Amino acid sequence: MGVALVWLRDDLRLDDHPALRAALDRGLRPLPVYIHAPEEEGDWAPGAASRAWRRRALAALAEALQRRGSRLLLARGPTLATLQALAARTGAEAVLWTRRYEPAVEQRDAHIKRSLRQAGLHAESFNGALLFEPWELATRQGDPYRVFTPFWKSARAHWRTLSTWDAPARLPALDALDLPAGERLDDLLPAPSPAWDGGFWPHFTPGEDGARAAMQAFLDGAVHGYAQGRDFAAEAGTSRLSPHLHHGELSVRRVAAAVLAAGDAIAEPDRDRFLAELGWREFAHHVLHHYPRVPDHNLDPRFDDFPWAAADEPRLEAWRRGRTGVPIVDAGMRELWLTGWMHNRVRMVVASWLTKHLRQHWLHGARWFWDTLLDANLANNTQGWQWTAGTGADAAPYFRVFNPVSQARRFDPEGAYIARWVPELARLPLPARFAPWEHPELARRVAPGYPARPQVDLAAGRAAALAAFAALRGGR
Ligand code: FAD
């Protein structure tokens with residue numbers, strides 16, 4: 001039986017895995033290999049939280065492979081040379097993998113594919129990460145989409161049956177192969193020391209089993225009422241599948257198929273809203289593929305002249321640490337720091353505060369999220385920041401400045417989210433908890449450790465942001 005290298009990256013699962021399936025369909029023994037080569041990923045190599053996740057996800061995958069009679073080989077880059085050496089040593093005739101869409105990775109992978117083919121190997125990549133390849137959908141003029149609604153309409157019009165493939169119960173053994181010992185996980189991705197990631201794992205369980213359990217919990221619970229519940233920060237009203245989807249422990253096809261298979265058991269608005277959120281993920285990858293400069297540059301070039309304030313390190317640091325003096329912003333930033341995740345509504349609020357009230361360039365925020373989010377994903381993170389900053393595809397207009405106090409009143413009406421993540425405000429009654437500076441005496445007495453004032457006055461910050469925007473428009 002011949003051998004196929006199944007090169008794993010952001011697809012750390014066995015279920016619904018097209019490359020693994022292709023190896024078996026060709027009658028080849030799959031040799032799963034993970035190659036650690038962050039230096040090949042350009043400026044956006046995985047951040048610290050992603051690495052902490054990946055370490056656990058790889059351990060889970062190695063165990064799952066072992067249970068099925070196979071194994072996971074861990075190696076260190078350079079990737080092409082490592083794949084070539086491994087193919088030569090094992091006599092592999094094919095190298096198969098799931099496609100990724102980050103610009104630096106796309107370029108590298110294209111080079112790897114060409115080189116492997118030139119060397120006489122069967123090199124093939126598959127779509128295992130998206131419902132639609134970024135190049136499958138185009139406007140009537142044949143251009144990429146830059147607006148979500150027509151993009152998603154077109155996706156729904158081209159919808160096809162979501163066929164999924166179950167992980168095999170057993171995999172062909174690899175004992176007869178002369179395999180290198182491989183790297184130790186502890187050397188490739190050492191455990192964080194000190195264990196700053198301790199707060200993550202009560203909320204998330206990396207690996208395919210954890211992903212499946214999270215999906216099931218969502219289908220049994222929060223999907224019912226998702227269309228409304230998804231916006232309430234204190235509630236577990238969303239799926240929290242984003243890190244699992246990013247690391248590919250769950251195929252998006254599997255999730256979408258499960259939601260659709262539930263039929264009438266999930267109310268139509270909840271189902272459609274959830275599918276549309278998966279649609280935003282598709283849209284983000286579409287835009288990233290077609291506009292590969294977006295991780296570092298405004299998609300809307302008019303903003304290249306925007307008068308951002310100079311980088312203000314003390315203010316940025318207060319934002320990162322949840323010490324801005326604006327409770328909902330601080331709650332979000334602390335949730336992120338402590339758990340590696342932040343509620344979507346609050347992501348928009350903290351991003352708006354940074355880019356509009358503080359007028360700091362969105363890249364400052366994108367970089368911090370990149371390092372601290374367990375679901376840090378170049379397509380989604382770039383889109384989230386450029387959307388909120390007003391510089392991106394189908395973005396919120398720059399003049400729409402989120403008011404963090406009204407956002408908190410509306411989406412955290414009991415103040416429970418603020419109390420959970422900013423415990424020094426838990427004893428401050430409503431409505432003071434939303435805006436402690438409006439009740440200075442009470443705040444001083446009950447929450448003496450909390451900043452007395454927001455880092456910028458809300459009305460002044462908003463006015464300055466609008467003035468900057470007006471100057472930009474006037475200058476055009
Ligand atoms: P659910 O509401 O359950 O949605 C299901 C899935 O749909 C998510 O897991 C995610 O894969 C996808 N999804 C949902 N909302 C969006 C969205 N707005 N854009 C793209 N995909 C979406 N998401 C990331 O996965 N990685 C990021 O690095 C990231 N950075 C962001 C930065 C900012 C400033 C903002 C405003 C949003 C960002 N998002 C990012 C999008 C969104 O906040 C998260 O996907 C969502 O909060 C994840 O929680 P969930 O899995 O419970 O989502």
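Me: What joins strand 4 to strand 5, and in which direction do they run?

Reply: In this predicted model, five bridges join strand 4 (residues 94-98) to strand 5, and the two run parallel. Two strands pair if there are at least two bridges between them, and five bridges meet that condition, so strand 4 and strand 5 pair. Within these strands, Leu 96 stands opposite Glu 124 of strand 5.

Me: Why are strand 3 and strand 5 called edge strands?

Reply: Five strands form an open sheet in the order 3-2-1-4-5, with parallel pairing. Strand 3 (73-76) and strand 5 (122-126) each pair on one side only, and they are therefore its edge strands. From one strand to the next, the twist averages 30 degrees.

Me: Which strands does helix 1 touch where it packs on the sheet?

Reply: Helix 1 (residues 18-25) touches strand 1 (3-8), strand 2 (29-36), strand 4 and strand 5. The direction of helix 1 makes about 150 degrees with that of strand 4.

Me: Why is the ligand said to lie between domain 2 and domain 3?

Reply: Domain 2 (130-162 + 208-290) and domain 3 (301-473) both give residues to the shell around the ligand, so the ligand lies between them. The shell has 28 residues, and the closest are Thr 238, Ser 239, Asn 344, Asn 381 and Gly 384. Elements that give two or more residues include helix 11 (268-290) and helix 14 (344-357). The largest share, six residues, comes from helix 16.

Me: How do the residues of the shell around the ligand divide into nonpolar, polar and charged?

Reply: The shell holds 11 nonpolar, 11 polar and six charged residues.

Terms used: Residues numbered from 1 in each chain as written. Predicted model: local features only at pLDDT ≥ 70, side-chain atom pairs only at ≥ 80, totals over all residues. Near = placed C-beta within 6 Å. Helix = DSSP H or I, 4+ residues; strand = E, 2+ residues; numbered from the N terminus. Nonpolar A, V, L, I, M, F, W, Y, C, P; charged D, E, K, R; others polar. Domains from an automatic or database assignment. Axes fitted to C-alpha atoms, helices over the stretch in contact; angles between N-to-C directions. Contact = placed C-beta atoms within 7 Å.
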